[in-house]
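Let's walk through this structure together, from the whole chain down to single side chains. Please keep the model open beside the text as you read.

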Amino acid sequence: MKLASNEFLQASSAALLEEDKAQRRSLIGQFLPLARDAAASAYGDFDALRAHMKRVRRHTMTHLSHYLEQFEEAAVQHGNQVHFVANAEQLNSKVLSICQAHNARRVAKGKSMVTEETGLNELLLKAGLDVLETDLGEYIIQQAGETPSHIVGPALHKSLAEIRQLFLDKHKLGDRDLETVSEVVEEARGVLREQFLAADVGIIGANALIAEHGTSMLVTNEGNGDLCANLPPVLIVCTTFERVLPRAEDAMALQRLLVRSATGQPQTCYTSFYTGPRREDDVDGPLETHIILLDNRRSDILASDYSEMLDCIRCGACLNHCPIYIGVGGHAYGWVYPGPMGSVLTPLLTSLEQAHHLPNACTSCGRCAEVCPANIPLPDLLRDLRQDESVQQLKPARWRNGLRLHAWLLRHPGLYRSLTGWTISVLGLLGKRRGAFRRLPFAGGWTGQRDVPAPEGGGTFMRQYAARRHRGGKRG
């Protein structure tokens with residue numbers, strides 16, 4: 001997927017003007033947090049589960065080599081072929097070579113953020129393969145030629161009317177109404193069923209890799225992952241090495257966190273475990289299974305001060321609670337991972353130079369850290385990235401010079417109070433009549449979207465505080 005995070009400011013401004021999509025995002029920001037809170041409360045001691053998984057994840061990352069070796073050994077014993085790849089190009093090349101070795105023509109894909117990250121679909125399509133996304137949201141945006149706007153609901157930005165018209169244009173099925181959600185889903189099911197039955201290769205992701213059994217776990221709500229995994233003769237699991245967990249019970253603890261945080265469900269519709277290719281007494285399943293584990297700079301993250309970001313379980317809770325994401329949507333972030341988690345991951349997986357706007361897309365409200373099931377200190381990591389941005393001098397010179405001037409003023413409190421007191425008095429006089437300013441020098445970024453309230457008088461807070469203390473002293 002092409003990186004466009006350096007266009008975040010322009011993309012955000014454009015997104016704010018799309019009123020219909022803004023209304024849908026607002027509903028997401030209202031409904032999904034309520035669903036998450038209800039599911040977490042119903043579980044019981046949800047925070048204790050979060051703390052437990054935090055300890056498990058930190059232990060696993062500390063002993064990563066051991067658990068990866070254990071996973072590989074167990075997976076190979078079950079007949080899987082395990083491949084470790086360093087970057088996106090190697091993953092794409094490995095998948096293509098497997099497809100070509102089997103003369104594959106049709107590929108059924110389950111939802112996979114990893115293959116979005118590597119741009120796998122584009123490579124396979126250029127090689128002449130017919131690749132179809134089978135998750136309904138992913139299928140919709142594939143037909144529309146778009147990218148996901150949310151890591152859990154890829155097509156949340158599209159209305160029913162838009163999807164209806166898309167299906168009428170893309171599916172040559174004659175006259176029909178498609179007026180309801182049920183009719184749209186039923187039509188998609190019929191179209192996708194043909195791909196499941198005809199696919200030569202199935203490609204899926206993994207929410208967890210269980211080291212003790214060499215098993216991968218996949219969580220879905222549509223069952224398409226099972227069809228991709230069991231119907232084609234060849235299965236390819238594309239995932240990343242930090243998905244590994246020591247035990248099956250750890251994977252189930254993660255699942256309890258994931259589904260409640262992602263969709264507010266007490267249980268997902270499908271939680272599937274894939275151990276290996278079909279055995280002699282099995283009635284179905286793939287004849288050959290490959291598991292591809294991607295690094296793609298994650299080793300660098302593991303060795304850095306940002307290693308906690310590898311604990312992310314891709315639930316999307318931080319997106320649903322983030323005022324910036326709700327305001328501008330996922331496409332504004334310009335890459336695979338939007339919202340607070342994307343504002344940390346994208347600079348780490350690509351480069352801070354290309355994505356330095358994202359760590360600044362934060363109000364520091366802290367809601368992302370409050371709801372993160374992996375207890376990742378997202379606001380702290382975002383501030384650390386902003387510090388790195390400052391050290392690397394990635395901001396324009398006017399911003400850097402302005403911050404230096406502000407820092408100098410703060411080191412001279414007497415001068416700072418005098419200047420702010422004078423400014424408050426002048427603004428109070430100038431804005432007294434209207435009560436607000438539509439434009440102010442050096443504040444175009446603010447006044448372009450909102451008015452600035454005029455000070456009501458009385459001076460700065462510090463001046464009023466000093467006056468009140470003075471009056472109180474006289475009364476004593």
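Residues 24 or more positions apart account for 73% of the contacts in the protein with a separation of 6 or more, where a contact means heavy atoms within 4.5 Å. What you have on screen is a predicted model, in which local features need pLDDT of at least 70 and side-chain atom pairs count only at pLDDT 80 or more, while totals for chains, interfaces and linings use all residues. Residues are numbered from 1 along each chain as its sequence is written, and side-chain values use heavy atoms, with hydrogens and water left out.

Now zoom out for a moment. The C-alpha atoms fill a box of roughly 95 × 60 × 45 Å along the principal axes. Of the 476 residues, 48% are buried; here buried means under 20% relative accessible area, exposed means over 50%, and partly exposed covers what lies in between (1.4 Å probe, protein chains only). The accessible surface comes to about 23700 Å², and carbon and sulfur atoms contribute 53% of that surface. Such areas come from the Shrake-Rupley method with a 1.4 Å probe, and for residues only the protein chains shown count as cover.

Which order do the strands follow in the open sheet of 6 strands? The order is β1-β10-β7-β4-β2-β3, and the pairing is parallel. The edge strands, each pairing on one side only, are β1 (81-85) and β3 (130-133). From one strand to the next, the twist averages 20°. Strands of a sheet pair through backbone hydrogen bonds, either parallel or antiparallel; in this model two strands pair if DSSP finds at least two bridges between them. For an example, look at β7 (residues 234-240) and β10 (residues 288-294), which run parallel and are joined by 7 bridges. Cys 238 has Ile 292 as its bridge partner in β10.

Helices lie across this sheet. Helix α5 (residues 88-101) lies across β1, β2 (106-109), β4 (201-204), β7 and β10, and runs at about 170° to β10. Helix α10 (residues 181-198) lies across β2 and β3, at about 120° to β2. For these angles, axes are lines fitted to C-alpha atoms, for helices over the stretch in contact, and the angles run from 0 to 180 degrees between N-to-C directions.

Two loops deserve a look for their backbone. Asn 103, found in the loop between α5 and β2, has a positive phi of about 55° although it is not a glycine. Asn 296 also has a positive phi of about 55° without being a glycine, and it lies in the loop between β10 and α13 (298-302). Are these residues buried or exposed? Asn 103 is exposed, with a relative accessible area of 64%, whereas Asn 296 is buried at 12%.

Next, find the open sheet of 4 strands, whose order is β8-β5-β6-β9 and whose pairing is mixed. Its edge strands are β8 (244-245) and β9 (270-274), each pairing on one side only. Strands β5 (residues 208-210) and β6 (residues 215-220) pair in the antiparallel sense over 3 bridges. Helix α12 (residues 248-262) packs on the sheet and touches β5, β6, β8 and β9, its direction making about 15° with that of β6.

Finally, turn to the side chains. The structure holds 6 aromatic pairs; rings of Phe, Tyr and Trp (its six-membered ring) pair if their centres lie within 6.5 Å, and planes under 30 degrees apart count as stacked, over 60 as edge-to-face and the rest as tilted. Tyr 139 and Phe 167 form an edge-to-face pair, at 5.9 Å centre to centre and 65° between the planes. Because Tyr 139 lies in helix α8 (residues 136-144) and Phe 167 in helix α9 (residues 160-170), the pair ties together parts that are 28 residues apart in sequence. Both Tyr 139 and Phe 167 are buried. Trp 335 and Tyr 337 form another edge-to-face pair, at 5.8 Å and 75°, and both of these residues are buried. Arg 314 lies over the face of Tyr 337, at 5.0 Å from the ring centre; a charge sits over a ring if NZ of Lys or CZ of Arg is within 6 Å of the ring centre and within 35 degrees of the ring normal.
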